[in-house]
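Welcome! Please keep the 3D view open as you read.

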Amino acid sequence: MTETETLTVAQALVRFLAAQRVERDGERRRFFAGCLGIFGHGNVAGLGQALAQYEDLLPYHPARNEQAMVHIASGYARQRNRLGTWACTTSVGPGATNLVTGAALATINRLPVLLLPGDTFATRYPHPVLQQLEVTHDATVSVNDCLRPVSRYYERVERPEQLIPAALEAMRVLTDPAETGAVTLALPEDVQAEAFDVPAAFLAERVWTVYRQPPAAEALRAAAAAIRGARRPLIVAGGGVIYSEATAALRAFVDATGIPVAETQAGRGALVSDHPLSLGAIGATGTAAANSLARVADVVIGIGTRWGDFTTASKSAFQDPDVRFINLNVAAVDSAKLSGLSVLGDARVALEMLGEALAGWRVPEEWERHAGEQSAAWADEVARLVSTAGNGLPAQAEVIGAINDAAGETGVVVCAAGSAPGDLHKLWRARDPAGKGYHVEYGYSCMGYEIPGGMGVKLAAPDREVFVFVGDGSYLMGPGELVTAVAERIAIVIVLVDNHGYASIGALSRSVGSAGFGTHYRFAANGSLPVDDADGAALAGPAGADVLPVDLAANAASLGARVERARTIEELRDALARAREESGGGGAGPTVICIETDRYTGVPGYDGWWDVPVAETSTQDTVRAARAEYERNLSAQRQFLEGAHE
Ligand SMILES: Cc1ncc(C[n+]2csc(CCOP(=O)(O)OP(=O)(O)O)c2C)c(N)n1
Ligand SMILES: [Mg+2]
């Protein structure tokens, strides 16, 4: 007879989660660090009871906002190279729908997070319950169905026995590097509290092994042949290089072949910046070095990249008429992109095998020399940019330079939205050989990710110093999660850069001819929104009468953070040094350093275009001019229909 234990669905699930292990390269670890949550009637009696009963097995930590708690889990999962995460429990209704943005972020970035929203009664008896949306034509629909398109696996557990296959499927997807993302198990509140006979084998320790899948021999042969025939090959390293812990393999491959490396946002830091063949960021926010080589490259080897529009400069970055792509990727959806030669498999194994297949071959000397010169010239350009002041106020580039210095080799910078991701992409000097020093969430570029994402990073890597770069706009999306950092004593350093609104979108708006409309936090003048151009600002001045009386430093202090105000870059550097001392002591909570920067001193673009459609007709001259330029740029956009197989 099968051994069983009578438990509620919630109790069985908590026991199951605590027993999951993941293994790669022979190293085994716990998959779930714990459970984050916010209780309501949809989970307090079910999962809440189970979490209290088994607190020693699966630690519970209350969060302040459901979206933010998923961000904590995503930050954690990314820092752990997807080999660990958190479960997130919510109530029904608003608690559950608050997960949607976090789930989309996790799925787009291919990060495992387990979402456990409460759901309305499976029996339907007391319907409609508080917070229930009544869908009159379909009784099986609830608000949780919003989570379907943003989940890689979705299941509503309507009977106790159903938990078993659902939980196993959830784990399969979460630990599969090609499929992973948000997994949602919606749990009707009555079912959570229902007991059933749970097989002991379901509760026993279970190991999910992440094998390194080697690519097909034929694909490797074809790739090696294409590379041997290349005159100007270029590597584009994406997040997959870092997740697969392939940075050392990449470096060995580059040292052996002389192929230069450009990096996507998720792949930034795959090769340390002082390597002579490191070109840094590519694409819309790319460096002069990477973009100039991309323009003429004849064979482009994408490794672990999903080829987003920022990476390809909206398909304008590669201009050699015969350029071909080779895609090393664990996910078929990515390896097939740009008509590329698909080398489906684990990045590290694929790089090692490709290196063997190319033994003795090296890029033409001229190309390697050119790459080295461009790399060195870019390092000089960065040094210039991070030491150029703004107009009366510190420039954002200077702030990045100060954080980069404070972070050293082991610190981690965390960011997600605004003008900072593009500036960081260009300016950051990556120093950690494992590529874990740069954490910019740019799959969803979600305002509000920065602080909870940084908390997740710190929980995953307590020995590293974590520097969160957050704009005033992003900060205002969700300052509440600071309270969780205070409560849990998560010692992150947050640099809050106040430029009075959406500097990035203001610049974008000006570039499409719309004068920064609606992007500057100021009092409306005569009932209409002020435009945001540098001249207007010069008239009002940053401290002008129309600036809103908002004190973000006081806000952060009121939430329990240690706060400093820096007026100059020197003060910022001093505050960063003090914050590092504080957080080094352990047990400290978050520090917030507030600094006002010049909204109009930006880092220039280096031939990186981004396709943002401009109005085809307008009464405004500025818009008509922007449209004409847009059409010129569109002519550089390519479809890449020819494959690499000939
Ligand atoms: C949740 C969300 N809403 C809207 C956007 C669009 N958006 C991108 S950047 C940005 C402004 C960010 O402002 P801030 O954090 O102050 O950074 P800054 O642009 O000033 O550098 C907006 C509105 C987004 N990325 N995420
Ligand atoms: Mg701002």
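A residue is called buried when its relative accessible area is under 20%, exposed when that value is over 50%, and partly exposed in between, with a 1.4 Å probe and only protein chains counted. Helices (H or I, at least four residues) and strands (E, at least two) are DSSP runs numbered from the N terminus.

This is a predicted model, in which local features need pLDDT of at least 70 and side-chain atom pairs count only at pLDDT 80 or more, while totals for chains, interfaces and linings use all residues. Residues are numbered from 1 along each chain as its sequence is written, chains are lettered from A and ligands numbered from 1 in the order in which they are written, and side-chain values use heavy atoms, leaving out hydrogens and water.

**A helix on the inside**

Let us begin with helix H3, residues 66–79. Of its 14 residues, 13 are buried, so H3 is largely enclosed by the rest of the structure. From its first C-alpha to its last, H3 reaches 20 Å, close to the 20 Å expected at 1.5 Å a residue; the expected span is 1.5 Å times one less than the number of residues. At the start of H3, a side-chain oxygen of Asn65 comes to within 2.8 Å of the backbone nitrogen of Gln67. Such a polar contact is a pair of N or O atoms within 3.5 Å; within protein, one must be able to donate a hydrogen and the other to accept it, and residues adjacent in sequence count only if both atoms are side-chain atoms. Just after H3, Asn81 has a positive phi of about 55 degrees.

**Around the ligands**

Which residues come nearest to ligand 1? Of the 15 residues around ligand 1, they are Ser419, Asp472, Gly473, Gly501 and Ser504; a residue counts as near if one of its heavy atoms lies within 4 Å.

| Residue | Part of the residue | Distance |
|---|---|---|
| Ser474 | backbone | 2.9 Å |
| Gly501 | backbone | 2.8 Å |
| Ser504 | side chain | 2.6 Å |

Taken alone, ligand 1 exposes 580 Å², and the protein buries 77% of that (areas come from the Shrake-Rupley method with a 1.4 Å probe; for residues, only the protein chains shown count as cover). Helix H20 (472–477) and helix H22 (503–511) are the elements that give two or more residues to the shell, and H20 supplies the largest share, 4 residues.

Ligand 2 is a magnesium ion, coordinated at 2.0 Å by Asp472 (OD), Asn499 (OD1) and Gly501 (O). Donors here are N, O and S atoms within 2.8 Å of the metal (3.2 Å for Na, K and Ca), and sites may look incomplete because water is not among the atoms. Both Asn499 and Gly501 are buried.

Most residues other than glycine have a negative phi, and most peptide bonds are trans. Arg110, however, has a positive phi near 60 degrees. Arg110 sits in the loop between helix H5 (100–108) and strand S7, and is buried at a relative accessible area of 15%. Phe640 also has a positive phi, near 50 degrees; it lies in the segment after helix H26 (621–634) and is buried at 7%.
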